[in-house]
Structure formats: C-alpha cells, structure tokens
Amino acid sequence: MRIHLSSVFVDDQEKALRFYTDVLGFVKKHDVPMGEDRWLTVVSPEEPDGTELLLEPSGHPAVEPYKTALVQDGIPAASFAVDDVRAEFGRLRELGVRFTQEPLEMGPITTAVLDDTCGNLIQIAHSK
Amino acid sequence: MAEDVFKALADPTRRRILDELVERDGQTLFEICTRLVTKHGLGLSRQAISQHLAVLEAAGLVRSRRQGRYKFHDVNTEPLERIVTRWLRPDEPESAP
C-alpha cells in the first residue's frame, strides 16, 4: 500500500492553487469541475507521479472550527520535505510568506511552519 | 503572586518551558511541544503542556498574545526580579564610622 493522495482544506481553491504552485512550487495535476467546486490536485515537480495533494474546499461546517483551533495552537495541517529548510525559509519570506515558526534544529531534523494563506499552517522539514 | 511564582517554578517541565522560551520568544503551543519532545524527551500531551502554560501565565512568567489567527507565548522575567531582590541584603558599609 502507498499513499496516493493527501488533502488540505482550503478556503478558496483558486487562491490555494496560486499559492501552492506560484509560491511553494508545486504543479497542477488534476483540475476537474465538480459543481461549484473542483477536484484540484497538485504534485511535486520532482515526483510528477508521486503523492498528490488535494486542495479540498472548506465548505463543510466542521472544517472551519477545526482549522481555526489548529492554527491558533500552531499545528500544521501537512508537512512537506525540502532540501534545506533555512534556504527555503529565506526564499519564501522574500515572497512575503508568513511563518509561525522560524527554522528550528532538533538534532537531525530541521523544521519551520508557514501560513498557506488559505487557513492552514504547513510544516517544511529536512533531515540531515 | 509570589507564591504562584514559586509554585510555577517548582515543576521541572515548567522550568524547561521557560528555558525554551528564553531561547526564542513568540512560540506557538506546537513549537513548545515539539521542543520538549525532541530536545528533552518530554512526551506530554498538548493538553498537559497547555495546562502548564496556564500555570506559568497565572504566575506572570509567561504572556500569551493573539496575533491574528495565531497565539504566541513570550517569557516575562519581571516576577523573578521581585524574588531575587527580596532576600538580597543591602550592601554592608565597608568600614564603620
């Protein structure tokens, strides 16, 4: 068994698509109209056939309180691997991305946590 | 107030939390929990850490602030200064007149 798809709930799919592609650097994989919403997934350009990230609409009434509570306590909704957290932190901050946790080295793991502007916090991580 | 400070400082987990906040102010609950687990092997629940933070906050040693949708915690050392000065003797005069 492998992880085929994971998802984050986003406030606005179009805005999310721009952030996840233009800013974070993912590429669009599927974009299928589904009534008012879209089946919208992105993948890493390094692994076009790898795990897809579904940018899922936040419409369900349970989603907003869930996201609000997670963000208040700084808990990320997803974690993405990068080569160098500090370099990525610098690059993204230049682009105006807001971080709730600056790079933190914890033994072999380095992490940082950013705001995806669509209601979620996202962790980036690398290990030595 | 002073008793709250002593009570807050009596717990080793709460002292660790202060240690970590001294290293970097403005931490989320998530960052504090992560630091306690990875740096100190303290695998407490987020709820437990949250309760420890509440004790520190009641004693005035930690201040939490909401900034937009986030909540950050800062260390506040003022109550410690009152404790330190409490038992400090005034300097003895070097020679009696």
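Q: What makes β3(A) and strand β4 (residues 52-57) of chain A a pair?
A: In this predicted model, β3(A) and β4(A) are joined by two bridges in the antiparallel sense. Strands (E, at least two residues) and helices (H or I, at least four) are DSSP runs, numbered from the N terminus.

Q: How do you know that strand β2 (residues 27-34) and strand β3 (residues 37-43) of chain A are joined?
A: Seven bridges join these antiparallel strands, and A:K28 stands opposite A:V42 in β3(A). The two strands form a hairpin with two residues between them, and A:G35 in the turn has a positive phi of about 65°.

Q: Why is A:F26 called buried?
A: The relative accessible area of A:F26 is 17%. Buried means under 20%, exposed over 50% and partly exposed in between (1.4 Å probe, protein chains only); therefore A:F26 is buried. A:F80, with 16%, is buried as well.

Q: Why is the aromatic pair of A:F26 and A:F80 called edge-to-face?
A: Rings of Phe, Tyr and Trp (its six-membered ring) pair if their centres lie within 6.5 Å; planes under 30 degrees apart count as stacked, over 60 as edge-to-face and the rest as tilted. The centres of A:F26 and A:F80 are 5.1 Å apart, with 75° between the planes, so the pair is edge-to-face. A:F26 lies in the loop between α1 and β2 of chain A and A:F80 in strand β5 of chain A, 54 residues apart.

Q: Why is the pair of B:Y70 and B:F72 called tilted?
A: Their ring centres are 5.9 Å apart and their planes are at 55°, so the pair is tilted. B:Y70 is buried at 7% relative accessibility, as is B:F72 at 3%.

Q: What makes up the largest nonpolar core?
A: A nonpolar core is a set of buried Ala, Val, Leu, Ile, Met, Phe, Trp, Tyr and Cys residues joined through side-chain atoms within 4.5 Å. The largest has 26 residues, and those with the most contacts inside it include A:Y20, A:L55 and A:F80. α1(A) gives the most to this core, with five residues.

Q: Which conventions apply to these values?
A: Local features need pLDDT of at least 70, side-chain atom pairs count only at pLDDT 80 or more, and totals for chains, interfaces and linings use all residues; side-chain values use heavy atoms, leaving out hydrogens and water. Residues are numbered from 1 along each chain as its sequence is written, while chains are lettered from A and ligands numbered from 1 in the order in which they are written.

Definitions and conventions
Two strands pair if DSSP finds at least two bridges between them.
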